[in-house]
Amino acid sequence: MTTPQKTAVAVRHLAFEDLGLIDPVLRDHGYAVRYLDAGVDEIDPGVFLSAGLLVVLGGPIGANDGDRYPVVDQEIAALRPRLAAGLPTLGICLGAQLIARALGATVAPSGVTEIGYGPLTLTADSVLAPLAGVPVLHWHNDRFAIPAGAVHLASTPSCDNQAFSHGSALALQFHLETPATDVERWLIGHAEALSAAGIDPADLRRAAAEHGPALTAAAGEVLRGWLRDVD
């Protein structure tokens, strides 16, 4: 008898902020990958709850913007029963902030625009260990508080809360999923934000080329380690 394939559902808020490096790791672990495009596809709590694994990706809207973008509150509501059930859930950037809110923590402006590559300070022994000393991609203005019962995993000088785990959920404020070859799409898609922050895209291009190979290798280790823990 053939074993039914597991399904990983990824919630995508922008076409170019996709699973990236996560996709092949999921497929190697036997997952079929399905995208839900926010604002296009229905955010169905039943789909969130039934998925073998859920990934909530990043995007330029905020975790407190439900009054202007109803999908935000829809995702938070759909996340709550999944997190309560302890099911494997990965949140990246906006996705991490939505997980934090679903767990009762606050999300607020950090007062700093953190865009670019920089290393983390790891604050606990965790699956993030392969990222020690490896610059990751940061692209955010907001900061989540650490939810009650969660383990604080990482910080940077500009943002004290960069990651946490809560049962089988892993929330990452930073991006480890974006290969250097995809960064050009980000530079084009977020051109207005870069201009507003006074950031030269050429600097990010150079940093991606410099740090991309090490980040790709470390990200694979992190993701495989997390999947071993939650599968």
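This is a predicted model: local features need pLDDT of at least 70, side-chain atom pairs count only at pLDDT 80 or more; totals for chains, interfaces and linings use all residues.
1. A191 belongs to helix α6, which covers residues 191-197. Ten residues along the chain from A191 comes P201, and the C-alpha atoms of the two are separated by 8.2 Å.

2. Next, have a look at the sheet. Eight strands make up an open sheet with mixed pairing, in the order β2-β1-β3-β4-β10-β9-β8-β6. The edges are held by β2 (31-37) and β6 (121-122); each has a single partner strand, so one side of each is left without a neighbour in the sheet.

3. Within that sheet, β3 (residues 53-56) pairs with β4 in the parallel sense, over three bridges. Here V55 stands opposite L90 in β4.

4. Which helices lie across these strands? Helix α3 (residues 70-84) lies across β1, β3, β4 and β10 (169-172), and runs at about 145 degrees to β3. Helix α7 lies across β2, β3, β4 and β10, at about 150 degrees to β4.

5. Now for the nonpolar interior. In soluble globular proteins, nonpolar side chains tend to be buried together. The largest nonpolar core in this model has 48 residues, and those with the most contacts inside it are L26, L90, L128, L131, F174 and L176. Helix α7 (residues 201-230) supplies the largest share of this core, eleven residues. Apart from it lies another core, of 32 residues, with V11, L36, L98 and V107 among them.

6. L128 is worth a visit in the viewer. Setting aside neighbours within four places in sequence, L128 is in contact with L122, L153, A154, A163, L172, F174 and V222.

7. Is R12 buried or exposed? R12 sits in strand β1 (residues 6-12), and it is buried because its relative accessible area is 16%, under the 20% limit. The side chains of R12 and D37 are joined by a polar contact of 2.7 Å. Beyond its neighbours within four places in sequence, R12 is in contact with E17, D18, Y35, L36, D37, A38 and L57.

8. Finally, please check the backbone at C93. Most residues other than glycine have a negative phi. C93, however, has a positive phi, near 55 degrees. C93 is found in the loop between β4 (89-92) and α4 (94-102), and at 5% relative accessibility it counts as buried.

Note on methods: Residues are numbered from 1 along each chain as its sequence is written. Side-chain values use heavy atoms; hydrogens and water are left out. Helices (H or I, at least four residues) and strands (E, at least two) are DSSP runs, numbered from the N terminus. Buried means under 20% relative accessible area, exposed over 50%, partly exposed in between (1.4 Å probe, protein chains only). A polar contact is a pair of N or O atoms within 3.5 Å; within protein, one must be able to donate a hydrogen and the other to accept it, and residues adjacent in sequence count only if both atoms are side-chain atoms. Contact means heavy atoms within 4.5 Å. A nonpolar core is a set of buried Ala, Val, Leu, Ile, Met, Phe, Trp, Tyr and Cys residues joined through side-chain atoms within 4.5 Å. Two strands pair if DSSP finds at least two bridges between them. Axes are lines fitted to C-alpha atoms, for helices over the stretch in contact, and angles run from 0 to 180 degrees between N-to-C directions.
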